[in-house]
Amino acid sequence: MSASPEIREAIREGSWIRKMFEEGALLKAKKGPDNVFDFSLGNPYGDPPPPLAREIARLAGNPPPDLHKYMPNAGFQDVRQKVAEDLRGATCLPFTPGLIVMTVGAAGALNVALRAILSQGDEAIIVAPYFVEYLFYVRNAGGVPVVAQSADDFQLDIEAIRAAITGRTPVLLLNTPNNPTGAVYPADSLRELSRVLAEGEARTGGPIYVLSDEPYRKIVYPGAAFAPPAASLPNTLVAYSHSKDLNLAGERIGYLAVSPRAADAAELADACVFCNRVLGFVNAPSLMQRAVAGFQGIEADMSVYRKNRDRLVTALPEFGFSVVPPGGAFYLFPRSPGEDEMKFVAAAREENVLVVPGRGFGRKGHFRVAYCLAPETVERSLPAWKRLGSRFFGRKGGRR
Ligand SMILES: Cc1ncc(COP(=O)(O)O)c(C=O)c1O
């Protein structure tokens, strides 16, 4: 018995981040954790806010009678009510609890939505650079990923999206703020996208749903503003997660929300509830549903991310690197010196700097820097970045 060839290939194709993470663990064991600068993994920095930690302890110590039981596959009604209220405020759209499914993180939400929408062989457009798991999530649902590259500044290339639409395109995955680039798509770009999708729908005769993956929507830096895709694009499903805003990545809690303006919204929401069940999630973790219910409107603590972002977008260009300053999330996606970023990634490793090659995200010639680290660690990494800069760019600095 062996694993299916498709899965073996997927493991080979999509394990860059894990590979770097594992190499990092080995390197840390060898050199000491303080001597390795691990920018490989998007693990949020810090703990859940203290009031949330207290709420989790309270629920665990004094559980309501329904806490540890089976429940509706969509999740607790009162929790979905809170989510709907928050979304109504953020989008001015009449979200109702019936359009919300509590999910096992954004990852669960994306898998549920794709399974609900895609038929075997349907195409899902994904915008590169992309969160690498999209490829596998689309294939999990029997779909075929079709890649549309973004522009050089990582903003949407609307023409590339237009060209990717075919008669078999029921869904487009959108991720703003973006992992791995930090790009935040402005409202006018989303409105333009809306026009192109409407044209595509007229041409193909069916809805093209936008699956809006928004786990970083509360991590946006001054100068950028998160524009909710649901406000501009009628056929939207929102995938959200509390991994990043409440630092609960290991607890696996998020939701999927079908826009009240989406075509066949109620049927689609029912399909998502069914898929949550039969994909084996059954329901989102119940203690976490209850815990996050009262924390829908709170802001994420961005202080560390902002400090690191500001430090790196200033320092790296001084050392010669070309960086598009990220508008949100906690990633940079600089150009590598030379088109083969693997050489640079290997050289960085020699300096104990761990980054992930851009090819893992569908764009060669770049690398990803996850700066969700202690600011002291980022500061201590700068001499290594400087040495890399002088090694690759000489004293004159880089390009772009
Ligand atoms: C763009 C993007 N989407 C989805 C996820 C999955 O998030 P979750 O932990 O909520 O499943 C991540 C996690 O890093 C991400 O970066």
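Okay, let's start in a loop: proline 180 is found between S5 and H8. Helices here are DSSP runs of H or I with at least four residues, strands are runs of E with at least two, and both are numbered from the N terminus. Before I go on, this is a predicted model, where local features need pLDDT of at least 70 and side-chain atom pairs count only at 80 or more, while totals for chains, interfaces and linings use all residues. Residues are numbered from 1 along each chain as its sequence is written, and side-chain values use heavy atoms, with hydrogens and water left out.

So, back to that loop. Proline 180 is joined to asparagine 179 by a cis peptide bond, with omega about 25 degrees. Proline 177 also sits in the loop between S5 and helix H8 (187-204). On the phi side, have a look at alanine 329: not a glycine, yet its phi is positive, about 60 degrees. You'll find alanine 329 in the loop between helix H12 (303-318) and strand S9 (331-332).

Next, the polar contacts, meaning pairs of N or O atoms within 3.5 Å. The side chain of tyrosine 216 puts an N or O atom 2.6 Å from a ligand oxygen. For serine 241, a polar side-chain atom is 2.6 Å from an oxygen of the ligand. Alanine 107 uses its backbone instead, with an N or O atom 2.9 Å from a ligand oxygen. And how much of the ligand does the protein bury? The answer is 91% of the 390 Å² that the ligand exposes when taken alone (Shrake-Rupley, 1.4 Å probe).

Where does the ligand sit, then? Its space is the largest pocket. On a 1 Å grid over protein atoms alone, a pocket is an open set of points with protein on both sides within 12 Å along at least five of seven lines; in a cavity, a 1.4 Å probe fits but cannot get out; lining residues have an atom within 4 Å of a point. Sitting there means more than half of a molecule's atoms lie within 2 Å of the grid points.

That pocket has a volume of about 850 Å³. It is lined by 35 residues, and Arg18, Ala107, Phe131, Glu133 and Tyr137 are the closest to its centre. Helix H1 (5-13), helix H2 (16-31), H5 and helix H6 (133-140) each give two or more residues to the lining. H6 gives the most, 5. The lining splits into 17 nonpolar, 10 polar and 8 charged residues.

Last one: the second largest cavity, at about 30 Å³. Its lining includes Val127, Pro129, Asn178 and Tyr185. Strand S5 (residues 171-175) gives the largest share, 3 residues. By class, we get 7 nonpolar, 2 polar and no charged residues.

Terms used:
Polar contact = N/O pair within 3.5 Å; in protein donor to acceptor, adjacent residues only side chain to side chain. Points joined across faces, edges and corners; volume = space filled by probe spheres on them. Nonpolar A, V, L, I, M, F, W, Y, C, P; charged D, E, K, R; others polar.
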